[in-house]
Amino acid sequence: GQKEIGFEHKNGVFKEFCEKAILAKNEAESLQNEKKEAPKFVFIIDEINRGDISKIFGELFFSIEPSYRGVKGKVSTQYQNLIEEGVFKDDFYVPENVYIIGTMNDIDRSVESMDFAMRRRFVFYEITAEDSAKAMGIDYDKSSMKRLNDAIEKEFGKDYQIGGAYFKKYKDRLNDKEVLKELWKHSLKGLIREYLRGRKNVETELKNFENIFYGNDKNSGQ
């Protein structure tokens, strides 16, 4: 016989996340003899700017805004008629104890097309190259990472500095010449070359950055 093909409605990751947050919040509020704050649920979206945020968020476009949080801001989703049970059987909402963190690289070209209405729904906080280095246990002030970033800031601006992720693997050996050669060859050279794209003396400028990174430049303090 012929097999029937159909579709089954399933909750997405964020919806399940919100449901857990609501259940945890209800449990905390149900404790009569103890003042217990609802646990905070933090949802992290890495490289949030990589997609069309307005389309990805859909009905959440309004729901994530503080003034629409909770039951008072509930919305009917396009699949609402398929939901027969659970906390969202009537409508969907994002509870007050859910926090959304999106990360992005502000020199990424896709940041330019980020919807302004979505921008205002987030607080923007800058994490500098130095911040990222120190969070990863890197001794930034005396490192080759700082030498290179100081030169990058002078030439291109602070936004182009390189974060700690490139250096974390070698955080205790950032002045070891063999480590510096490996880092430059496999990771940093191509990135700096991209920064220099379109310039007349790319190879000369690239060599200058390499010398600064190695500590061979007369202005590097080494």
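Let me begin with the conventions. The model is predicted, so local features require pLDDT of at least 70 and side-chain atom pairs count only at pLDDT 80 or more, while totals for chains, interfaces and linings use all residues. Numbering starts from 1 along each chain as its sequence is written, and side-chain values use heavy atoms, with hydrogens and water left out.

I turn to the overall architecture. The protein chain has eight helices and two strands. Helices here are DSSP runs of H or I with at least four residues, strands are runs of E with at least two, and both are numbered from the N terminus. Read from the N terminus on, the order of elements is α-β-α-α-β-α-α-α-α-α. Of the contacts in the chain with a separation of 6 or more, 63% are accounted for by residues 24 or more positions apart; a contact means heavy atoms within 4.5 Å.

Next, accessibility. The chain exposes about 15500 Å², and carbon and sulfur atoms supply 48% of that area. Accessible areas come from the Shrake-Rupley method with a 1.4 Å probe, and for residues only the protein chains shown count as cover. Of the 222 residues in the chain, 36% are buried. Buried means under 20% relative accessible area, exposed means over 50%, and partly exposed lies in between.

S144 counts as buried because its relative accessibility is 0%. Leaving aside residues up to four places away in sequence, S144 touches L174, N175, L180 and F213.

Now the charged pairs. Side chains of opposite charge can pair when their charged atoms come close. The structure holds 14 salt bridges, each defined as a side-chain nitrogen of Lys or Arg within 4 Å of a carboxyl oxygen of Asp or Glu. In helix 6, how far apart along the helix are D150 and K146? They are separated by about one helical turn, because they are four residues apart. Their side chains meet in a salt bridge at 2.8 Å, N to O. D150 is partly exposed at 34% relative accessible area, and K146 is partly exposed at 25%.

Two further pairs deserve mention. D176 and R173 form a salt bridge at 3.7 Å, N to O; D176 is partly exposed at 30%, as is R173 at 44%. R197 and E194 meet at 2.8 Å, N to O; R197 is exposed at 63%, whereas E194 is partly exposed at 38%.

Which residues gather in a patch of negative charge on the surface? They are D106, E126, D131 and D159. Patch members have over 30% relative accessible area and no salt bridge; like charges are joined within 9 Å, and nonpolar side chains (Val, Leu, Ile, Met, Phe, Trp, Tyr) within 5 Å. Asp and Glu count as negative, Lys and Arg as positive, and His and the chain ends are not counted. A charge is placed at NZ of Lys, CZ of Arg, CG of Asp or CD of Glu. E126 sits in the loop between helix 4 (116-119) and helix 5 (129-135) and is partly exposed at 47%.

I close with a backbone feature. Most residues other than glycine have a negative phi. E47, however, has a positive phi near 50°. E47 lies in the loop between strand 1 (41-45) and helix 2 (53-57) and is partly exposed at 32% relative accessibility.

Technical notes: Buried means under 20% relative accessible area, exposed over 50%, partly exposed in between (1.4 Å probe, protein chains only).
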